[in-house]
Amino acid sequence: MSESTGTTPRVDPWTLAGLALLLLPLLTMAHELGGHALTCVASGHLPSQLGAYYIECPGTGPWAHRLVAMAGTGMDVVLAVLALLGWHRARRPLPRLVLWIVFTVKGMVAAGYWMFSGVSNLGDWGPAAGGGIGPLSWPWLWRAVMFAIGLAVYIGVVKQSIRMLRAMLGGGEVAGRTQWHIAMAIYLIGGVSAVLVSLFNPLGIVITLMSAVASSFGGTAGLFNVAYAKPCNEPPRGFVIDRSYAIFVAGVLMTLAFAAVLGPTVYLR
């Protein structure tokens, strides 16, 4: 069993690790395959390479190229919104935690992409020559607006994520420790596993730094704010998720399959 009743919040660390190992590769594939690759096909082209943290869609014109570049973040936004709506309807601890992870990770990553491209002109949303949606006129204006919107959305996601955890866990010392463990487990497990998987890519360290590190350790850095947010003054809630070896094993298998298949890249032509 993965859930039980209780008077104070408790989330088993093995189950939490399993959820991170299971969900984070799926969310990355949703960005790369469900976003970039699917839009590449929809635009009348065929991806030539499918990697864990990148795809190649050759032969696209300027506008199709931009649509493919933007589609990954578009998928992140859709998943974050759906997860937030689902979280408000869910009642049991496990589904609520799963939906919280999806909302928090995808919301932070989406906003983080706008901030990253706004600062660096690198990545999917870079508006100058060489960027994902470039070259556009007035690239510095695009970058400034993009960074400002990304920062505002990122702050909003962090605040909403904290509110959601407080609603699940309540307040007090135990809730504060549980909040810290949840946030830091998702951050560290997600970041370490992303970097390790990315090391199999054939393009070298650039993919590791610009995609895996940037989207995991960088994109979800707001989890530090979540982890160290002051617990609320409400009573603790009986939010209990017990140990589930099935979830842990499923997470390990998912991450291993993700690394074995997409880590070294699938070549379609």
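## Aromatic rings and charges

R66 lies over the face of W63, 4.7 Å from the ring centre. R143 sits likewise over W140, at 4.4 Å from the ring centre. A charge counts as over a ring if NZ of Lys or CZ of Arg is within 6 Å of the ring centre and within 35 degrees of the ring normal.

This is a predicted model: local features need pLDDT of at least 70, side-chain atom pairs count only at pLDDT 80 or more, and totals for chains, interfaces and linings use all residues. Residues are numbered from 1 along each chain as its sequence is written, and side-chain values use heavy atoms, without hydrogens and water.

The structure holds 6 aromatic pairs. Rings of Phe, Tyr and Trp (its six-membered ring) pair if their centres lie within 6.5 Å; planes under 30 degrees apart are stacked, over 60 edge-to-face, the rest tilted. Two of the pairs are tabulated here.

| Pair | Centre to centre | Angle between planes | Type |
|---|---|---|---|
| W180 and Y228 | 6.4 Å | 80° | edge-to-face |
| Y187 and F224 | 4.8 Å | 70° | edge-to-face |

W180 is in helix α5 (residues 173-198), and Y228 is in the loop between α7 (223-227) and β4 (240-241), 48 residues apart. Y187 lies in helix α5 and F224 in helix α7, so their pair ties together parts 37 residues apart in sequence. Helices (H or I, at least four residues) and strands (E, at least two) are DSSP runs, numbered from the N terminus.

How exposed is each ring residue? Y187 is buried at 8% relative accessibility. W180 is partly exposed at 33%, and F224 is partly exposed at 35%. Y228 is exposed at 57%. Buried means under 20% relative accessible area, exposed over 50%, partly exposed in between (1.4 Å probe, protein chains only).

Y187 and F224 also share one aromatic cluster with F217.
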